[in-house]
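Please read the following report alongside the sequence and the coordinates.

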Amino acid sequence: TDDLGRRVARELAAKGAVVLLHGRNPERLGAGLEALRRETGSEKLGSYVADLSSLAEVRGLAERIISEHD
């Protein structure tokens, strides 16, 4: 959701890729997702909240993504 990640997400979304954002702060993540939608017009966006310092949250994040995306 910061600097390089935001730029890469914007480039990929603008090219039609499915982009999944990750962050620890739900409010900041939501704001970033909405900004990306406005900037690119893409609807192929998703967001996931998880703290990657927790192995349990990493596993939960992986399970959610696998269950929701091909």
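Helices (H or I, at least four residues) and strands (E, at least two) are taken here as DSSP runs and numbered from the N terminus. With that convention, L52 is placed in the loop between β2 and α3. The model is a predicted one, in which local features need pLDDT of at least 70 and side-chain atom pairs count only at pLDDT 80 or more, whereas totals for chains, interfaces and linings use all residues. Residues are numbered from 1 along each chain as its sequence is written, and side-chain values use heavy atoms, with hydrogens and water left out.

Confidence is expressed as pLDDT, the predictor's confidence in each residue on a scale from 0 to 100. The protein has a mean pLDDT of 94, and 99% of its residues reach 70 or more; the mean is lowest in α1, at 93, and highest in helix α3 (residues 55–68), at 97.

β1 and strand β2 (residues 45–49) pair in the parallel sense over 5 bridges, where pairing requires that DSSP find at least two bridges between the strands. Together with α2, these strands form a right-handed β-α-β unit, right-handed meaning that, with the strands pointing away from the viewer, the path from the first strand over the helix to the second runs clockwise.

The largest nonpolar core comprises 8 residues, namely A9, A13, V19, L21, L29, L33, L36 and L45. A nonpolar core is a set of buried Ala, Val, Leu, Ile, Met, Phe, Trp, Tyr and Cys residues joined through side-chain atoms within 4.5 Å, and buried means under 20% relative accessible area, exposed over 50%, and partly exposed in between (1.4 Å probe, protein chains only). Two or more residues of this core come from each of α1 (3–14), β1 (19–23) and α2 (26–40), and α2 gives the most, with 3 residues.

Not counting residues up to four places away in sequence, V19 is in contact (heavy atoms within 4.5 Å) with A9, L12, A13, L36, K44, L45 and G46.

| Residue | Relative accessible area |
|---|---|
| V8 | 40% |
| L52 | 47% |

V8 lies in helix α1, and its C-alpha is 14 Å from that of A35, 27 residues apart in sequence. L52 and S42, by contrast, are 10 residues apart in sequence and 26 Å apart in space, C-alpha to C-alpha. Leaving aside neighbours within four places in sequence, L52 touches H22, V58 and L61.
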